[in-house]
Amino acid sequence: MDESELLNRGVYKLESGALQEAEHIFEDIIFTHKDPRAWPLIGIVKMRQGDLEQSINAFQKGIDAVPEMKEKYQNSYAQLCLDKMQALKQEYLLVKQQAKEAKSRRNWGFVLGGLSAGMGN
């Protein structure tokens with residue numbers, strides 16, 4: 001199968017939701033056919049799998065290998081970076097809330113412990 005047939009097959013698999021198969025086809029294009037233009041397609045696969053970090057890495061590899069792809073894919077890449085930042089912000093807010101709740105529980109434990117110690121005397 002030639003490279004353009006492989007690419008069409010990979011895009012078909014990607015669009016039909018067969019992400020693992022699409023990823024294998026795109027990797028074949030990159031490593032066997034030595035064509036780095038499939039990196040952004042792996043980026044899309046990873047994005048659909050929810051792996052934002054690997055998606056960003058794949059887009060960056062494509063841009064590094066073929067600089068003229070930067071303009072074509074920069075919107076997708078920028079969106080991935082924004083999504084990653086939003087995910088990190090949500091994670092930070094969750095940890096901050098959990099720390100606040102833990103501190104509150106420790107304070108109440110101290111107060112309640114003091115009350116019960118005072119009542120036992």
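Predicted model: local features only at pLDDT ≥ 70, side-chain atom pairs only at ≥ 80, totals over all residues.
In soluble globular proteins, nonpolar side chains tend to be buried together.

Leaving aside residues up to four places away in sequence, Ile 42 touches Glu 23, Phe 26, Glu 27, Ile 30 and Ala 58. Ile 42 is also one of the buried residues of H3. That helix is mostly covered, with 8 of its 10 residues buried: Trp 39, Pro 40, Leu 41, Ile 42, Gly 43, Ile 44, Val 45 and Lys 46. Just after H3, Gly 50 has a positive phi of about 85°.

The next step is the packing of H3 on H1. Two packed helices are described by the angle between their axes and the distance between the axes. Helix H1 (residues 3-16) and helix H3 (residues 39-48) pack at about 15°, and their axes are 11 Å apart. Because angles under 35 degrees count as roughly parallel, H1 is roughly parallel to H3. Their crossing is left-handed. On the H1 side the contact is made by Leu 7, Leu 14 and Glu 15, and on the H3 side by Leu 41, Ile 44, Val 45 and Arg 48. By class, this contact of H1 with H3 has 5 nonpolar and 2 charged residues, with no polar ones.

Definitions and conventions:
Residues numbered from 1 in each chain as written. Heavy atoms only, no water. Axes fitted to C-alpha atoms, helices over the stretch in contact; angles between N-to-C directions. Helix = DSSP H or I, 4+ residues; strand = E, 2+ residues; numbered from the N terminus. Parallel < 35°, antiparallel > 145°, perpendicular 65-115°, else oblique. Left-handed = near helix turned anticlockwise from the far one by under 90°. Contact = heavy atoms within 4.5 Å. Nonpolar A, V, L, I, M, F, W, Y, C, P; charged D, E, K, R; others polar. Buried < 20%, exposed > 50% of the residue type's maximum accessible area, 1.4 Å probe, protein only.
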